[in-house]
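Student: I would like to learn how to read a few features from a set of coordinates. Please give the general idea for each, then the case at hand.

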Amino acid sequence: MEIIFGRNKKEQLEPVRARVTGKIPAWLQGTLLRNGPGMHTVGETRYNHWFDGLALLHSFTIRDGEVYYRSKYLRSDTYTANIEANRIVVSEFGTMAYPDPCKNIFSKAFSYLSHTIPDFTDNCLINIMRCGEDFYATTETNYIRKINPQTLETLEKVDYRKYVAVNLATSHPHYDAAGNVLNVGTSIVDKGKTKYVIFKIPATVPGGRKEGRSPLKDTEVFCSIAARSLLSPSYYHSFGVTENYIIFLEQPFKLDILKMATAYIRGVSWASCLAFHREDKTHVHIIDRRTRKPVLTKYYTDPMVVFHHVNAYEEDGCLLFDVIAYEDGSLYQLFYLANLNKDFEENSRLTSMPTLKRFALPLHVDKNAEVGSNLIKLSSTTARALKEKDDQVYCQPELLYEGLELPRINYAHNGKPYRYVFAAGVQWSPIPTKIVKYDILTKSSLEWGEAHCWPAEPLFVPTPGAKDEDDGIILSAIVSTDPQKSPFLLVLDARTFTELARASIDVEMHLDIHGLFIPDAGWDPGKQAPSQEEPVPRT
């Protein structure tokens, strides 16, 4: 456990050549760029939570069958301030920092006021976002950091609030075929209202590159949804899209804004202000992308916590969406560093299994349908939608598979009918031990696993000119709990799940969270299926 979680990882600033066994497909040319926490101790101070650690970018550059690895800490303002002070001086979600314990009472009072509506961290450790020709490290605050994907150099700091009024935003945007970015953020008590804001960043601006103008300056609000509670907005990590609709889950995993405002003076973290309310419902909001307005029907389901949407699509007047769902909010609690010890695998048990669930919603509700009747007539799913009084619809999901997290798909099928989910396999412990390919049509699965190996999120890269959904390869960065075993990049045949190659690196690699594959410019997009960041056609 200490190898994976407890030890600060060293940067590998210069590219190091990996030892490749097997054969990497000749067509695979590009860079796998990943992000995750790499430093949890600064001086004598230590973060409380694994998700608080300082962002460490790393990349695997694949060219002509060879792999080169490098890593570099994101030089965020947070990183710089902490390193200069040799202690943690910037608060993260699970760790409240107190920069200078010797400040006088007036300074302390000012510091308290500045934390009531906090200026969040720019420690962007969760994912990588593509915006036009640029790449950004992202987290769930209002800050993103532009990076150089080749050198991993940190460039300018971007505050979403300059372009759209959000205090928080997801690290899982969607992209359309033109490369436009669609994302969701929370606007907290802005002009007396708390709302979920769906916003769009254009991929390009007419004449923008000549003027040095960033597409971010042309960010527009696509739609907004009023939060059900002014001072208790829902936490969410992702959302879903189809060709004509956006799916947003307002789940009973809520931030208490009043508690957050007093957290600093009370000496507690912002994470302590996040709670699961099992007595509440999960409300499903559907936005019509054509009208930019919410569908009027009120849909809801049982209380649950969803971090990752998998995919969604439309079928015969219904909207189907797949998510990884938990019955409570216990997952976050397990990643406090105090729990990440040698007994972690035995003692840290999820109180609910992450389960792949399919929901089906009728887009048009028959007003003459009987109360209690099932409005879903599809043969492709057992999911139900029951009509209730006041035109509400209660959604009961189909349970597809237990024990999956960090799901990915062939993004050419994003928002469209699809068949395969690629994910990390987990059981009652949140530790990934396998990579799983799940076939939604046949309800069968394939697995890859190896003793002492923890795989990262499996990322699908399509074969050039591919016609079949699973014609491509899976890339996953593998770390090991065995100190005698080097970490490696795993290359699997996505169709058969057989190992094609692995590229071992003699470095202490960190367990990452999310990322993307950047194909080399030499690839002819006309001869290949859309890559991981080239999604569904615009509507």
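The dialogue below takes up a helix, some salt bridges and the cysteines.

Tutor: First, the conventions. This is a predicted model, in which local features need pLDDT of at least 70 and side-chain atom pairs count only at pLDDT 80 or more, while totals for chains, interfaces and linings use all residues. Residues are numbered from 1 along each chain as its sequence is written, and side-chain values use heavy atoms, with hydrogens and water left out.

Student: Which residues of helix 5 are buried?

Tutor: Start with the terms. Helices (H or I, at least four residues) and strands (E, at least two) are DSSP runs, numbered from the N terminus. Buried means under 20% relative accessible area, exposed over 50%, and partly exposed in between, with a 1.4 Å probe and protein chains only. In helix 5 the buried residues are I257, M260, A261, A263 and Y264. They lie on the same side of helix 5 because they cover an arc of only 140° around the axis, where the arc is that of the directions from the helix axis to the C-beta atoms.

Student: Where is M260, and is M260 buried or exposed?

Tutor: M260 is in helix 5, which spans residues 257–266. M260 counts as buried because its relative accessibility is 5%.

Student: How many salt bridges does the structure hold?

Tutor: A salt bridge is a side-chain nitrogen of Lys or Arg within 4 Å of a carboxyl oxygen of Asp or Glu. The structure holds 29 of them. One of these joins D77 and R145, with the closest N and O atoms 3.3 Å apart. That pair links distant parts of the chain, with D77 in helix 2 (residues 77–85) and R145 in strand 10 (residues 143–147), 68 residues apart.

Student: Which other residue forms a salt bridge with D77?

Tutor: K157 does, and the closest N and O atoms are 2.9 Å apart. K157 is in strand 11 (residues 154–159), 80 residues from D77 in helix 2. As for accessibility, D77 counts as partly exposed at 40%, K157 is partly exposed at 33%, and R145 is buried at 6%.

Student: What does K437 pair with?

Tutor: K437 forms a salt bridge with D470, the closest N and O atoms being 2.7 Å apart. K437 lies in strand 32 (residues 434–439) and D470 in the loop between strand 35 (459–462) and strand 36 (472–480), so the pair ties together parts 33 residues apart in sequence. K437 is buried at 5% relative accessibility, and D470 is buried at 5%. Salt bridges that share partners join K437, D468, D470, D471 and R495 into one network.

Student: How many disulfides does a search of the whole structure find?

Tutor: A disulfide is a pair of cysteine sulfur atoms within 2.5 Å, and the search finds zero. C318 is buried, with a relative accessible area of 6%, and C453 counts as buried at 3%.
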